[in-house]
Amino acid sequence: MTREELQHLIRAAGDIADDDIIVIGSQAILAVHPHAPARLLVSMEADVSPRRDPGSALAIDAAIGDVSHFHESFGYYAHGVGPETAIAPAGWQDRLVPIDAPSVARGQRPRRGWCLEPHDLMLAKLAANRERDWEFVEVALRCGLVDPEVLTARADTMPHTHREHVRRRLAGVIVRAGNSP
């Protein structure tokens, strides 16, 4: 997915929910790193949550989600989720990174997306505990998109249900990426 495709999804989801959109999944990397390595941009799905009305995530999923007309037309789609989907370090909501989705048609309102900050995104990926997410974090570390010291410090603020697992997984990924633990 490209930054422009993400902006398109934010605009479409924002129109459906009449709300700002939080981008929780891997494509949030595009807010800070619009030219991130291709290995980080393979997903054609963006996990999105309406900022003020999480209940409208279902409408987003129905209108522009997997196997929708939108997906068939553009080759990418949104997955409407609730904010509880983000298992991230304390304070993540205060570190969201804005990404504007300008209007493309007369009379259309511009929309704003709010993406997980890259370090928060990496820790959320580790909390998800999937091999593809470990690889995502490793690539981000190898490419210098995130700082291992910031990740280590923020891992201490993860929800207690995931803290130890994230710490252990992070230590291993940092070593594999060739960074000092």
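## Overall size and fold

A compact globule of 181 residues would have a radius of gyration near 16 Å. The protein chain has 16 Å, so the two values agree. The model is a predicted one. Along the principal axes, the C-alpha atoms fill a box of roughly 50 × 30 × 25 Å. Buried residues account for 50% of the 181 residues.

The chain holds seven helices and five strands. From the N terminus, their order is α-β-β-α-α-β-β-β-α-α-α-α.

## Strands β1, β2 and β3

Strand β2 (residues 45-50) pairs with both β1 and β3. Its pairing with β1 (residues 21-23) is antiparallel and rests on three bridges. One of the residues involved is I21, whose bridge partner in β2 is P50.

On the β3 side, the direction is parallel. Four bridges join β2 to β3 (residues 77-80). Here V48 has G80 as its bridge partner.

## Helix α1 and Q7

Q7 sits in helix α1, which covers residues 3-17. Its relative accessibility is 14%; the cut-off for buried is under 20%, so Q7 counts as buried. Beyond its neighbours within four places in sequence, Q7 is in contact with I99, D100, A101 and P102.

S56 gives a spatial reference for Q7. The two residues are 49 residues apart in sequence, and their C-alpha atoms are 19 Å apart in space.

## Helix α5

Helix α5 (131-142) has 12 residues. At 1.5 Å a residue, α5 should span 16 Å. The C-alpha atoms at its ends are 17 Å apart, which agrees.

The buried residues of α5 are D133, W134, F136, V137, E138, V139, A140 and L141. They pack against α4, α6 and α7. Just after the helix, G144 takes a positive phi of about 75°.

## Helix α6

Helix α6 covers residues 148-155, and its buried residues are P148, L151, R154 and A155. These four lie on the same side of α6 because they cover an arc of only 130° around the axis. Their cover includes α4 (118-128), α5 (131-142) and α7 (163-176).

The start of α6 also has a side-chain to backbone approach. There, a side-chain oxygen of D147 comes to within 2.8 Å of the backbone nitrogen of E149.

What does H165 touch, residues up to four places away in sequence not counted? The list is L126, A127 and N129.

The side chains of H165 and N129 are joined by a polar contact of 3.3 Å.

## How the helices connect

The buried residues of α5 pack against α4, α6 and α7.

Conventions:
Residues numbered from 1 in each chain as written. Predicted model: local features only at pLDDT ≥ 70, side-chain atom pairs only at ≥ 80, totals over all residues. Heavy atoms only, no water. Pairing = 2+ DSSP bridges. Helix = DSSP H or I, 4+ residues; strand = E, 2+ residues; numbered from the N terminus. Buried < 20%, exposed > 50% of the residue type's maximum accessible area, 1.4 Å probe, protein only. Arc of directions from axis to C-beta. Contact = heavy atoms within 4.5 Å. Polar contact = N/O pair within 3.5 Å; in protein donor to acceptor, adjacent residues only side chain to side chain. Expected span 1.5 Å × (residues − 1). Rg over C-alpha atoms; globule rule 2.2 N^0.38 Å.
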